[in-house]
Amino acid sequence: MQKVNILGTEYTIKMDVPSEKMPFKGDGCMDHSTKEIWIADFGESDRDSIKDLNSYRKRVLRHEIIHAFLYESGLWNNSGNVKAWGQSEEITDWIALQFHKILQAFIDAGAIDTPIHTITNTGSIAEVRTLPPHFHKWQDSKR
């Protein structure tokens, strides 16, 4: 089983959990009491579902990882009295301060694909750079 660090707390990721074991028949679940993230077994795509289930699986995993970050940071329990919560400066600042940790968790969990960006895991924090088109030639000449 895969594990991911969420603000110093280790969560276990359980992939392809049978639908009958998923709480509320959801596609994903974060259980803060057991420090587990469950992602449902979506089976194979049929004509009535989305076609790229791998991409959807990663989207659900990212969503559940964010739930874990909100819980572990204390925002889970302290956001009930704010109107327009998603527009508040508090959440904006929180994301700005925590993004590099969230990105590292996404990388560690294999929850993102990176065709456009170069992401280098250099230890505990990932570096993210969007490279301009001319950069590749310049960088190659430096090697």
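**A loop, a core and a helix pair**

Lysine 25 lies in the loop between E2 and E3, where helices (H or I, at least four residues) and strands (E, at least two) are DSSP runs numbered from the N terminus. This is a predicted model, in which local features need pLDDT of at least 70 and side-chain atom pairs count only at pLDDT 80 or more, while totals for chains, interfaces and linings use all residues. Residues are numbered from 1 along each chain as its sequence is written, and side-chain values use heavy atoms, with hydrogens and water left out.

The phi of lysine 25 is near 55 degrees, a positive value in a residue other than glycine. Phenylalanine 24, also found in the loop between E2 and E3, has a positive phi of about 55 degrees although it is not a glycine. Most residues other than glycine have a negative phi. Lysine 25 is exposed, with a relative accessible area of 76%, and phenylalanine 24 counts as exposed at 85%. Here buried means under 20% relative accessible area, exposed over 50% and partly exposed in between (1.4 Å probe, protein chains only).

Methionine 22 is found in the loop between E2 and E3, but it is buried, with a relative accessible area of 6%. Leaving aside residues up to four places away in sequence, methionine 22 touches Val17, Asp27, Gly28, Cys29, Trp38, Ile39 and Ala40; contact means heavy atoms within 4.5 Å. The C-alpha atoms of methionine 22 and isoleucine 39 are separated by 8.2 Å, and the two residues are 17 residues apart along the chain.

For the chain as a whole, there are three helices and six strands, running β-β-β-β-α-α-β-β-α from the N terminus on. Buried residues make up 29% of its 143 residues. Of the contacts between residues at least 6 apart in sequence, 46% join residues at least 24 apart.

In soluble globular proteins, nonpolar side chains tend to be buried together. A nonpolar core is a set of buried Ala, Val, Leu, Ile, Met, Phe, Trp, Tyr and Cys residues joined through side-chain atoms within 4.5 Å. The largest one has 28 residues, of which Ile6, Ile37, Leu61 and Ile65 touch the most other members. Two or more residues each come from strand E1 (2-6), strand E2 (9-17), strand E3 (28-31), E4, H1 and helix H2 (89-109). H1 gives the largest share, seven residues. Isoleucine 65 touches Ile6, Ile37, Ala105, Phe106 and Ala109, not counting residues up to four places away in sequence.

How do H1 and H2 meet? Their axes come within 10 Å and cross at roughly 125 degrees; axes are lines fitted to C-alpha atoms, for helices over the stretch in contact, and angles run from 0 to 180 degrees between N-to-C directions. That makes H1 oblique to H2 (under 35 degrees counts as roughly parallel, over 145 as roughly antiparallel, 65 to 115 as roughly perpendicular and the rest as oblique). The contact involves Leu61, Arg62, Ile65, Ile66, Phe69, Leu70 and Ser73 of H1, and Ile91, Trp94, Lys101, Ile102, Ala105, Phe106 and Ala109 of H2.
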